Amino acid sequence: MSGNGRQVIVVGAGIVGVCCALYLQRDGHAVTLLDRDGPGEGTSKGNAGALSPGSCVPLAMPGVLRKVPGWLLDRNGPLTIRPRYLPRALPWLLRFMRAANPQRVEAIADALRALHAPVFDCYRPLVDAAGCADLIRPTGTLIVFRSAAAFAASGREWRMRRERGAEVQEVHGEALHTLEPALGPEFTHGALLPEHGFAANPHRLVTTLAADFAARGGRIERARVLALRSQGEGGVAVISEGRDLRAERVVVAAGAWSGAILRSIGVKLPLETQRGYHVTLADPGIEPQLPVSVAEDKYYATPMEGGLRVAGTVEFAGLDAPPNFRRARRLLEQVRSLYPRVRTERFTEWIGHRPCLPDSLPVIGWAPGVHDVVLAFGHGHNGMTSGPVTGRLVADLLGSRPPLIDPAPYDPSRF
Ligand SMILES: Cc1cc2nc3c(=O)[nH]c(=O)nc-3n(C[C@H](O)[C@H](O)[C@H](O)COP(=O)(O)OP(=O)(O)OC[C@H]3O[C@@H](n4cnc5c(N)ncnc54)[C@H](O)[C@@H]3O)c2cc1C
């Protein structure tokens, strides 16, 4: 412990906020964790749990833009934009398209790889201390395809991963079905990512880590934060429903909801929610051993503690529109082709809000033009992976010591 002992408030107790709180606590800070709903009730609750150290391909790729019209027209497609929301989403979508230029894509891939690679190393001290190391499963992940042509179309992705030191093993034909015997016959090609793994219960992971934080003297309070007021050199006031608090430093880690808090300190960032859904099959009747992703349909099927979870789809409709659970139920149709013997009668469904910035990178760093406020949100499709690494980086930043990785690509002032 460096024992630099500041009063720090972390706003938001998802995987990012909880990991920030734990790493700051380890450094000797007096940390209070605020959440309007309690730990782990946001997007960190129901995601696919994939832990992906080699994941480095940004969402905005030149080829992706050509596929968008087809996805939008396909009822089962992975992407939808509610027509009424289009005008709100448009500026973000334009920035997203600009991020797809080839040079930018390579730089973003470097930054994603750097952020994701230490995932297991950064979880290890936290889960060991909290007694929940069993939740982190280094099984590898399998990405499957329906044809040689579909596999070959992802060639650029494999190249980008390999160039950055990530291992990709091709598994085709019989070898694929030996690796995962429950797979349907239409899947003929695959890539095994042996360094990957999954969190077997993302919600229990967040709540157990939060309980450990509290057991070690951290404070957790239910509070909906409405605004921050920077007090120059004198710290930050945190205005919430009920009562106000003060701290020397504040970390904003409220995921997709961070924008409203930032507006109170005059910071505007292009944060958008990409809504996603899951169905969790309580009694799937099959026992896959590792997460499988269907690349063409952009969803994951992960063997969770509570059943087989099928998670994916991207929906642009904002934070407040009611869920459209028909999208979740389409995942049921899709998983029946992935695993023909799967039983889908008993399931629960869920919607979550991926916090997304248009260049596929989060913001991790000091809020531009504001004293004492650190931003840590925008982890998009990969927050379970990048959450613990973000916690380390934020603690490095507040401790003024050399950071684990170069923080420059995640600097909030890039927008
Ligand atoms: C369908 C789906 C599948 C996914 N699959 C994966 C995957 O396989 N692997 C992976 O790495 N990532 C995955 N993700 C992404 C991952 O879930 C997110 O990136 C991650 O959970 C974001 O964590 P967070 O802590 O930033 O946000 P959240 O978990 O949403 O936490 C934010 C917290 O802030 C609180 N809050 C909000 N506003 C306020 C306020 N005003 N005051 C106080 N508290 C507030 C909320 O209650 C919430 O608890 C998936 C996401 C979805 C939707």
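**Close-up views of the predicted model**

**View 1. The largest cavity has a volume of about 50 Å³.** The structure is a predicted model, in which local features need pLDDT of at least 70 and side-chain atom pairs count only at pLDDT 80 or more, whereas totals for chains, interfaces and linings use all residues. Residues are numbered from 1 along each chain as its sequence is written, and side-chain values use heavy atoms, with hydrogens and water left out. On a 1 Å grid over the protein atoms alone, a cavity is a set of points where a 1.4 Å probe fits but cannot get out, and lining residues have an atom within 4 Å of a point. Grid points are joined across faces, edges and corners, and a volume is the space filled by probe spheres set on the points. Among the lining residues are N76, D297, Y299 and T313. Helix 11 (residues 325–338) contributes the most, with four residues; helices (H or I, at least four residues) and strands (E, at least two) are DSSP runs numbered from the N terminus. The lining comprises three nonpolar, four polar and four charged residues, where Ala, Val, Leu, Ile, Met, Phe, Trp, Tyr, Cys and Pro count as nonpolar, Asp, Glu, Lys and Arg as charged, and the others, Gly among them, as polar.

**View 2. The second largest pocket has a volume of about 680 Å³.** A pocket is an open set of grid points with protein on both sides within 12 Å along at least five of seven lines. Of its 23 lining residues, R88, R263, L269, L271 and E272 lie nearest the centre. Helix 3 (86–98), helix 10 (258–263) and strand 15 (272–281) each give two or more residues to this lining. By class, 14 lining residues are nonpolar, three polar and six charged.

**View 3. The ligand is surrounded by 35 residues.** The closest are D35, S44, A50, V225 and G380, a residue being near if one of its heavy atoms lies within 4 Å. Ligand oxygen atoms lie 3.1 Å from a polar backbone atom of V16 and 3.0 Å from one of G383. A nitrogen atom of the ligand is 3.1 Å from a backbone N or O atom of R36.

**View 4. Three strands form an open antiparallel sheet in the order 11-12-13.** Strands pair if DSSP finds at least two bridges between them. Strand 11 (225–230) and strand 13 (244–247) are the edge strands, each pairing on one side only. Strand 12 (residues 236–240) is joined to strand 13 by four bridges, and V236 has A247 as its bridge partner.

Methods: Polar contact = N/O pair within 3.5 Å; in protein donor to acceptor, adjacent residues only side chain to side chain.
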